[in-house]
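Hi,

Here is the model we talked about, with my notes below it. Have a look at the coordinates and then read on.

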Amino acid sequence: MASLAVAAERLKDLSQPIDVSLLDATVGAFYGTGSKDERAAADRILQDLQGNPDMWLQVVHILQNTKNLNTKFFALQVADLVTALILVLISTAMPNLVLEGVIKYRWNALPGEQRDGMKNYISEVIVQLSSNENSFRQERLYVNKLNVILVQILKHEWPSRWRSFIPDLVAAAKTSETICENCMAILKLLSEEVFDFSRGEMTQQKIKELKQSLNSEFQLIHELCLYVLSASQRTELIRATLSTLHAFLSWIPLGYIFESPLLETLLKYFPMPSYRNLALQCLTEVAALSFGDFYDLQYIKMYNFFMVQLQVILPPTTNIPDAYTNGSSEEQAFIQNLALFFTSFYKASLLSRSSLHIADDALSNAHIRILESSQENISALLMGLEYLIQISYVDDTEVFKVCLDYWNSLVLELFEAHHNLDNPAATANMMGLQVWSSFLFLEILGSQISSSNLVPLLHGLVDGIGSQIMQRRQLYAGTMSKLRMLMICRMAKPEEVLIVEDENGNIVRETMKDNDVLVQYKIMRETLIYLSHLDHDDTEKQMLKKLSKQLTGEDWSWNNLNTLCWAIGSISGSMMEEQENRFLVMVIRDLLNLCEITKGKDNKAVIASNIMYVVGQYPRFLRAHWKFLKTVVNKLFEFMHETHPGVQDMACDTFLKIVQKCKRKFVIVQVGESEPFVSELLSGLATTVGDLEPHQIHTFYESVAQMIHAEPDPQKRDEYLQRLMNLPNEKWAEIIASARQSVEFLKDQDVIRTVLNILQTNTSVATSLGTYFLPQISLIFLDMLNVYRMYSELISSTIANGGPFASRTSYVKLLRSVKRETLKLIETFLDKAEDQPQIGKQFVPPMMDPVLGDYARNLPDARESEVLSLFATIINKYKATMIDDVPRIFEAVFQCTLEMITKNFEDYPEHRLKFFSLLRAIATHCFPALIHLSSPQLKLVMDSIIWAFRHTERNIAETGLNLLLEMLKNFQASEFCNQFYQTYFVTIEQEIFAVLTDTFHKPGFKLHVLVLQHLFCLVLFCLYGSAVYIFVSDYNGVEGFLPFMPTLVWLVTEMKFGQVESGALTEPLWDAATVPYPYPNNSMFVREYTIKLLGTSFPNMTVAEVGQFVNGLFESRNELSGFKDRIRDFLVQSKEFSAQDNKDLYAEEAAAQRERERQRMLSIPGLIAPNEIQDEMLDS
């Protein structure tokens, strides 16, 4: 520590060349294994140096004298961005490396001579370091960093300002094998930057330009790669060349692959262990290419030769899962790459087919289709599929995901052909032989065949196609059968299953969901449903056979039973009802028998879990078989007394799921019964729930309430509700009676917990009953409000006396839980109740003081956020009828809540979202109440909205943006349009651009765009051209854009374009007192203001670039898609979103794709699980 203190003093003096050895020691202490205090002291010294404004002057000296790589990188980090570039020009011998940020963000702002000096310098340093074997190996990380920087420069300079780059690089590569190796690394980086990582990094035009340049100059690269692979004996160089080829093969012109020795060369390297994986990766890229049929013969030749080689490397008899488990990392990588090769080769055909919108026999250019054309090729195809089946059993999640993705595609393709076979028109369309095109074809031939004669012709054509489809199904029948067994054996765990085996082999309740497993289950379920449709009998046979082995003990294990039952449950709805009924009767019978004959609590828990899962997936069967339904429900009641972890939870969840789909069956008198099942259940209610925990009881009550909801007779329904609530109502009456004698009784913690439990039970019942819950809530409502008021006063006094920490005590938390549950119960009832005005009149007025008044009077830590959501629900429910109450709501919650949530972005997180949800409800349904706010109050509202969408919490920001859109639209349609926009237009535009260009707010991109589009359309200015910047040529012949003077532009637009302003605004947006010259219209003002705003915010962009962007916004403002694309390109061009994950910018398109996929799934029986279908499955 003493030495570091001395170092700190000596390093502070930057008037002399810095002591590099001392700096090395300090950096070494920071990265070393010394004590925590030593590393902290070194960190402080380095941070002080980084912050010293004179430190950049030492960069050259440090880089020239240090041998420590960490010290070099430290020097690079402290170098000022622009200064470091200038430093290059004044220091000819400086081996400097500048940060990538220099090139990314400020490159185009530098003078041309500085850019040339930089790129030449970087190139020279790379050549210098890579020309010598020793320096190249020792400084490899340093050289790699230089390569990255060079590629960043290329993205700006090449091809327009550095046309000779590729020829220069190829020429340099031929001078030395080490230089050649590094040139390969540069080419690989360049390919990846342009083709893999360009989205969000460059504009679409720049990406297109770079791709065209790489394509046009690839011949030199191709010749270099082939030369190296044919002439070099150097292992590192050959591996680097293969790695570079791998990056290029997905996009280069096809002639370079198929009309050159490249494929033969790759196949030559495939058997060699040193190059096997890299060669296989290259072959995989070739296999994944999808295009016309011109190179089919080369593909088949490649595949057959590959299979011959593979059988030598990995004989077909090999147990691939065992080989993978026991293999080295290289051998495991080979299995992974082999999976990628097969799936890429086979899947390319499916991609071709889907992209061309034709299928099976109409497409002769698919790889796999050509393999089906001869017996020899069929043998090779089936052998490849057999390899892939074996690889699919490998115990590696990533390998299985690769295989599963292909199997899903294959069975989908086979299913679609099979699914459309019964519909001639659909089949013809699927084959690219649409009916209208058949008429056209006959007309061209001059045929006189009438339309009546065409129908038999079409049917005959379809019969021929159908025959071929059936033959193709038969070809894959064996593979599909093995695939069914694979899906059954490896089925992922569904979300509904709560009982799992832990790492110690114990059966426990699952505590956390694994999202990866759930995604995998979804894909496997879909695949198995397609397989079931292709052959119901084989699916049934394999499942029943495997289940019989569980009964005999031949194949018994927890995992085997689990995967089998998960697979059985996953195919619900895919079979014809009669077959499904027969199948399920045997499955449930065998599972119940297995539960009886199997000993051990863990074993029984596993079986119980599987029984519950299976029966929960087949509501159609249960609705059609009352005795089975009753047996299953009674079995669930048995499981509710089983105390093994997870069993009771799953029993209650399954009971709820079954009741939701079969509730009508429980309220009618079944054949052979004397009363409805619900009546029988209510008679024994206390016994049934006797062993359940409170949260399980709530689920049970919700289930029974679902049954009661299905009762059509109001008198019976009220009777059932009274019987259901008898136990909690008796306890409630007892508590209220005791409280009337002594309020102190309500302060006991056990009593508080009981009150909370009663309220939660009521909430569960209200969730199911909705309007029909009215008799019950009317019974307890006023007493409930009194308890609410009493507990609220108790909380306030406790916090007032105990300080802020009192709010965190278990006692206060318990009291607040009762308050929250009271509010939740009222909100649930009002939300679920049908829109009946009398309900609102009955329940809203009594809540005004006990709830709203209490919120306003309370200390901040004692205010419940549920008050905000409750009144948001009330306003959303009763809409304009609440206008008269808005001022009182506003007065009670607005000011005090804002004071709570605007101090920072962290405190009171629940209040934030619910506050803005309430404000949005008011803006949507009670807007006239906002219009009558005073100016200070309205400003407070607008400030709070701006604060909301600046929030980094996604839900709050999106709620704020939606609220803003509501306000903008409502004010536009109001008589106060001009006043509002004169006050807030500029502020809103500025704030929206601020969050739009801030990477923390990317999820709000769609709404940012909608707000900006609204603003730009509001100042609609109809131009037939663009004249914000006037294009001029100065006396030196330099072309560019000059910022306009508004009056000059007005003259130009008057002469050149003509103008019409037809927006909703009739008053100027600018303040005449502060603007020195008048604008001709609002459109001109907004243009100039936007250009100045963005030009100031993004100094790295030129005036012309900003002007072009703003012009583009005005030109595309009426077309959302184009408007959005221009903003996306601007975000890339401004460099604010470079090197970021920009998927949120395309979220809207992704959501549309998901909806299209759901509609497709709904058209296939069984693909959407019965419990996921929103439409209620009505009982017959």
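Which residues does Y791 touch, not counting residues up to four places away in sequence? The list is L746, I752, V755, L815, V818 and K819, where contact means heavy atoms within 4.5 Å. Y791 itself lies in helix α43 (residues 774-802). Its relative accessibility is 0%, so Y791 counts as buried; the cut-offs are under 20% relative accessible area for buried, over 50% for exposed, and partly exposed in between (1.4 Å probe, protein chains only).

Before the rest, the ground rules. This is a predicted model, in which local features need pLDDT of at least 70 and side-chain atom pairs count only at pLDDT 80 or more, while totals for chains, interfaces and linings use all residues. Residues are numbered from 1 along each chain as its sequence is written, and side-chain values use heavy atoms, with hydrogens and water left out.

Overall picture: the protein chain has 59 helices and 6 strands. These are DSSP runs numbered from the N terminus (helices are H or I, at least four residues; strands are E, at least two). Of its 1180 residues, 52% count as buried. Taking contacts between residues at least 6 apart in sequence, 74% join residues at least 24 apart.

Helix α54 (residues 1005-1018) has 14 residues and spans 20 Å from first C-alpha to last, close to the 20 Å expected at 1.5 Å a residue. The expected span is 1.5 Å times one less than the number of residues. In α54, 11 of the 14 residues are buried, so the helix is largely enclosed by the rest of the structure. Among those buried are F1005, H1008, Q1013, H1014 and F1016. Their cover includes α52 (954-972), α53 (977-996), α56 (1082-1097), α57 (1103-1115) and α58 (1120-1133).

Helix α18 (residues 276-287) has 12 residues and reaches 16 Å end to end by C-alpha, close to the expected 16 Å. It is mostly covered, with 10 of its 12 residues buried, including R276, N277, C282 and T284.

Helix pairs

For the angles below, axes are lines fitted to C-alpha atoms, for helices over the stretch in contact, and angles run from 0 to 180 degrees between N-to-C directions.

Helices α46 (residues 848-857) and α48 (residues 886-901) pack at about 30°, with axes 8 Å apart. The two are therefore roughly parallel to each other; under 35 degrees counts as roughly parallel, over 145 as roughly antiparallel, 65 to 115 as roughly perpendicular, and the rest as oblique. Their crossing is left-handed, meaning that the near helix is turned anticlockwise from the far one by less than a right angle (clockwise would be right-handed). On the α46 side, M848, D849, L852, Y855 and A856 take part, meeting R888, I889, A892, V893, C896, T897 and M900 of α48. That contact divides into 9 nonpolar, 1 polar and 2 charged residues. The classes are Ala, Val, Leu, Ile, Met, Phe, Trp, Tyr, Cys and Pro as nonpolar, Asp, Glu, Lys and Arg as charged, and the others, Gly among them, as polar.

Helices α8 (residues 112-130) and α12 (residues 177-196) have axes that come within 8 Å and cross at roughly 135°. That makes α8 oblique to α12. The crossing of α8 and α12 is right-handed, and I126, V127 and S130 in α8 meet T178, I179, N182 and I186 in α12. This contact has 4 nonpolar, 3 polar and no charged residues.

Helices α28 (residues 477-489) and α29 (residues 515-534) pack at about 140°, axes 10 Å apart. M480, L483, R484 and M487 of α28 make the contact with M524, T527, L528, L531 and L534 of α29.

Backbone points to check

The W158 to P159 peptide bond is cis, with omega near 5°, and P159 sits in the loop between α10 (140-157) and α11 (165-173). K879 has phi near 50°, a positive value in a residue other than glycine, and lies in the loop between α47 (866-878) and α48. Y908 also has a positive phi, near 50°, in the loop between α48 and α49 (909-925).

Cheers
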